[in-house]
Amino acid sequence: MSNYSEMWSSLGLNLEAHDQLLKVLPPTYHDVYLTQPNRPKNMEYFDFVVNEIHGLRIQELQEHKKAGGKVIGAFCVFVPEEIVRAAGGICIGLCSGIDIGTAEAEQVLPRNICPLIKSFMGFKLAKICPYFESCDLVVGETTCDGKKKAFEILNDYVPVHVMETPQMKKGRDRDLWLEEVKDFARLVEETTGNQISAATLARSINEVNGKRRALRRLADLRKCDPAPISGKDSLLIEQIAMYDDVERFTARVNQLCDELEQRVQAGEGVFPAKTPRVIVTGTPMAIPNWKVPHIIETSGAVIVAEELCTGLRYFENEVAEDATGLDNMLENVAARYMGINCAVFTPNPGRLEKLVQLVKEYNAGGVIHCTLSFCDPYAVEANRVEKMLKQEGIPLLKIETGYDQEDAGQLKTRIEAFVEMLK
Ligand code: SF4
Ligand code: SF4
């Protein structure tokens, strides 16, 4: 990485703490990613993006800001990126996938709270995330209790707008969500100083759909046996999708898919044919949380799909492109997001049906349900998942874990036993 110290200090980062973070990432990345055999050549771009994670992309955001543009940060896949883009802004996912800044976070949060919440608070309080420090506005949501209350505290340090996400999917919930989407569009217009028109929204819907289509193309290629790409690499791409430039990212994913198509034709894979295939489901795995996928893929199995928000939930549904007027377009945007099967909805039958369908489509032998510790929505919903998969005769392994590595050995033993059983 080039020397970006000047840029980081101008953002007000705590350089010492930030250095600590940068020291952790490269060795972890090397061990988890660069040691994989037979990786597709086009993964080079994504390696480059990670290598420049706090460099080049941050520089692009700063250039955008210097030219009068705004940057809007989000923590959840419910925040409509198309609206931010339609007003000339850049929407970035704020990662929260590492336990850094925990001491600072615990000064304002209870200790027993999900690591994702602790991580984003820690990143902000310890001033170690250049993405966070580039944001003109941060958007929260009322998905789970921990998050919605944490946003009140976060608002002391950065302007936070909270979107009210419904907890059910009835007609009146959909009406409420549409109003929230419209309010958000107005706020984005105020923040950026740019009006959203039918033409700009139509264009941004098409661009973000293009990103979703490229990710779906990648997902479809993983249905083949042998799998042409590892689950770890696929997860990495899904994580990068949240903050990279939309058009460049889409082009690179499509380029990778061209290569994967050739691999499929040649019968080439990253693991031998008939390697046990698993689907991972549960709480999102924010970058750089690669712990469980790494254990799975070094225990004799290949991950073929992620029923996660850093996975299929992010790209499986598109915004319909049949509307002409702005109001109808906003309705289509709102409708697309209500299709997300997050565990904060009750009931949430869509997620259970989807899982069964995925197991069949991807020819998976079993499912690994991975919940972050203290995440009530997913930990409780694991019971419904278990019931449904049992009915269908699909093997399931339930895991609860955090961001630390203390339980890595124990997890490996359990995952190896599960993979053995699948064989
Ligand atoms: S799991 Fe739910 S709350 Fe979390 S990012 Fe996904 S949709 Fe948002
Ligand atoms: S992982 Fe669970 S507890 Fe944590 S923010 Fe997401 S839904 Fe909330």
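Predicted model: local features only at pLDDT ≥ 70, side-chain atom pairs only at ≥ 80, totals over all residues.
Which exposed residues does the face of helix 10 turned away from its buried side carry? They are Gly171, Arg172, Asp175, Glu179, Arg186 and Glu190.

Residues are numbered from 1 along each chain as its sequence is written, and chains are lettered from A and ligands numbered from 1 in the order in which they are written.

Helices (H or I, at least four residues) and strands (E, at least two) are DSSP runs, numbered from the N terminus. The expected span of a helix is 1.5 Å times one less than its number of residues. The table sets out two of them.

| Helix | Residues | Number of residues | End-to-end C-alpha distance | Expected span |
|---|---|---|---|---|
| Helix 10 | 171-192 | 22 residues | 32 Å | 32 Å |

In helix 10, the buried residues are Trp177, Glu180, Val181, Phe184, Ala185, Val188 and Thr192. Seen down the axis, they fall within an arc of 145 degrees, so they line one face of helix 10. The arc is that of the directions from the helix axis to the C-beta atoms. Strand 1 (71-74), helix 5, strand 4 (160-163) and helix 16 (326-337) are included in what covers these buried residues. Just after helix 10 comes Gly193, with a positive phi of about 75 degrees.

Now for helix 13. Phe249, Thr250, Arg252, Val253, Leu256, Cys257 and Leu260 are buried there. They fall within an arc of 160 degrees seen down the axis, so they line one face of helix 13. These buried residues pack against helix 3, helix 11 and helix 12 (231-240). On the other side of helix 13, Glu247, Arg248, Asp258, Gln262, Gln265 and Ala266 are exposed. Gly267 follows helix 13, and its phi is positive, near 70 degrees.

The contact takes 43 residues from domain 1 and 45 residues from domain 2, where two residues are in contact if their C-beta atoms, placed from the backbone, lie within 7 Å. On the side of domain 1 that touches domain 2, 22 residues are nonpolar, twelve polar and nine charged. Ala, Val, Leu, Ile, Met, Phe, Trp, Tyr, Cys and Pro count as nonpolar, Asp, Glu, Lys and Arg as charged, and the others, Gly among them, as polar.

**Where the ligands sit**

Both domains give residues to the shell around ligand 1, so ligand 1 lies between them. Residues around ligand 1 include Cys76, Cys144, Cys309 and Cys342; a residue counts as near a molecule if its C-beta atom, placed from the backbone, lies within 6 Å of it. This shell has nine nonpolar, one polar and no charged residues.

Ligand 2 also has residues of domain 1 and domain 2 in its shell, so it lies between them. Among the residues around ligand 2 are Cys114, Lys147, Thr283 and Tyr378. Helix 7 (115-126), helix 9 (145-154) and helix 18 (376-392) each supply at least two residues of this shell. By class, the shell around ligand 2 has eight nonpolar, three polar and one charged residues.

How values were computed:
Domains from an automatic or database assignment. Buried ≥ 20, exposed ≤ 12 C-beta atoms within 10 Å, placed from the backbone.
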